[in-house]
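Subject: A structure for you to look at

Hi,

Here is the structure I promised to pass on. Have a look at it first, then read my notes below.

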Amino acid sequence: MYDLILDSSTKILYISLVKDEKVVYEKYFEGKNDHAKNIVYMVDEALKSENIDAFKLDKIIVGYGPGSYTGVRMAVTVAKMIAVFANVKLYTISTLLLMASGEKDLVKASIDARRGNAFSFVYDLKNDLPILDEGMYSYEYLDTFDGKKIDENSFKVDANYVIKKAKLVEEPHLLVPNYLRETEAERNLK
């Protein structure tokens with residue numbers, strides 16, 4: 001039983017392949033605005049590491065944001081394509097929860113949203129409780145909360161936690177990334 005996990009919402013492209021609850025392939029790849037050229041190659045590398053193809057996957061789990069607008073779309077698009085063409089069940093997980101998954105207690109996960117803001121949440125992993133819901137907040141406001149700070153430079157993923165917390169997407173064609181704000185182009189149209 002193989003599960004593929006993808007996330008490209010931050011400057012780190014994360015890919016793992018899990019077989020029967022054992023991580024058999026895992027890579028954190030720091031990109032330079034080039035996830036698009038690396039993601040398909042890295043998925044292929046993960047599958048080849050176990051001599052399988054996408055048709056052998058039981059599920060694919062994608063971090064669907066928040067994060068970089070273009071980055072979020074990369075993993076979501078690849079995951080949707082695999083799900084549809086290989087008839088694999090598609091699941092989503094918040095990129096922030098994916099980032100926090102390697103911790104044990106109170107965590108404050110953040111992705112820089114520029115202009116003094118971050119996409120963030122505060123989560124009590126020990127009790128499985130959100131303290132501050134996902135949103136875009138100023139760093140100043142976030143500093144009022146306790147918790148271990150995790151950002152796109154310091155996260156470690158617990159793949160089995162991600163698999164456990166992922167939510168099934170009933171209709172992959174309709175999956176839309178979790179952007180948490182309008183794009184600059186959308187703001188300029190108003």
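Let's start with a quick one: does Asp20 count as buried or exposed? Asp20 counts as exposed, because its relative accessibility is 52% and the cut-offs are under 20% relative accessible area for buried, over 50% for exposed, and partly exposed in between (1.4 Å probe, protein chains only).

Before the rest, some ground rules. This is a predicted model, where local features need pLDDT of at least 70 and side-chain atom pairs count only at pLDDT 80 or more, while totals for chains, interfaces and linings use all residues. Residues are numbered from 1 along each chain as its sequence is written, and side-chain values use heavy atoms, with hydrogens and water left out.

Now the overall picture. The protein has six helices and ten strands; these are DSSP runs (helices H or I, at least four residues; strands E, at least two), numbered from the N terminus. Its radius of gyration is 16 Å, which agrees with the value near 16 Å for a compact globule of 190 residues. That radius is taken over C-alpha atoms, and the globule rule is 2.2 Å times the number of residues to the power 0.38. Along the principal axes, the C-alpha atoms fill a box of roughly 50 × 45 × 30 Å. Of the 190 residues, 51% are buried.

Next, some backbone details. Asp20 sits in the loop between strand S2 (12-19) and strand S3 (22-30), and its phi is near 50°, a positive value in a residue other than glycine. Asn87 also has a positive phi, about 55°, although it is not a glycine. You'll find Asn87 in the loop between H2 and S5, and it counts as exposed because its relative accessibility is 71%. Then look at Pro66, in the loop between strand S4 (57-63) and helix H2 (69-85): the peptide bond from Gly65 to Pro66 is cis, with omega near 5°.

Two residues on the buried side are worth a click. Lys108 is in strand S6 (residues 106-114) and is buried, with a relative accessible area of 4%. Leaving out residues up to four places away in sequence, Lys108 touches several others, including Phe121, Leu142, Phe145 and Ile150 (contact means heavy atoms within 4.5 Å). Asp151 is 43 residues from Lys108 along the chain, and their C-alpha atoms are separated by 8.4 Å.

Tyr161 belongs to helix H5 (residues 159-165) and counts as buried at 14% relative accessibility. Not counting residues up to four places away in sequence, Tyr161 touches Leu97, Ser101, Tyr123, Leu125 and Asp128.

Finally, the second largest pocket. How much space lies in it? About 220 Å³. A pocket here is an open set of points on a 1 Å grid over the protein atoms alone, where a 1.4 Å probe fits, with protein on both sides within 12 Å along at least five of seven lines; lining residues have an atom within 4 Å of a point. Among the residues lining the second largest pocket are Tyr64, Leu97, Phe121, Tyr123 and Lys165. Strand S5 (89-93) and strand S7 (117-124) are the elements that give two or more residues to this lining.

Happy exploring!

Terms used: Grid points are joined across faces, edges and corners, and a volume is the space filled by probe spheres set on the points.
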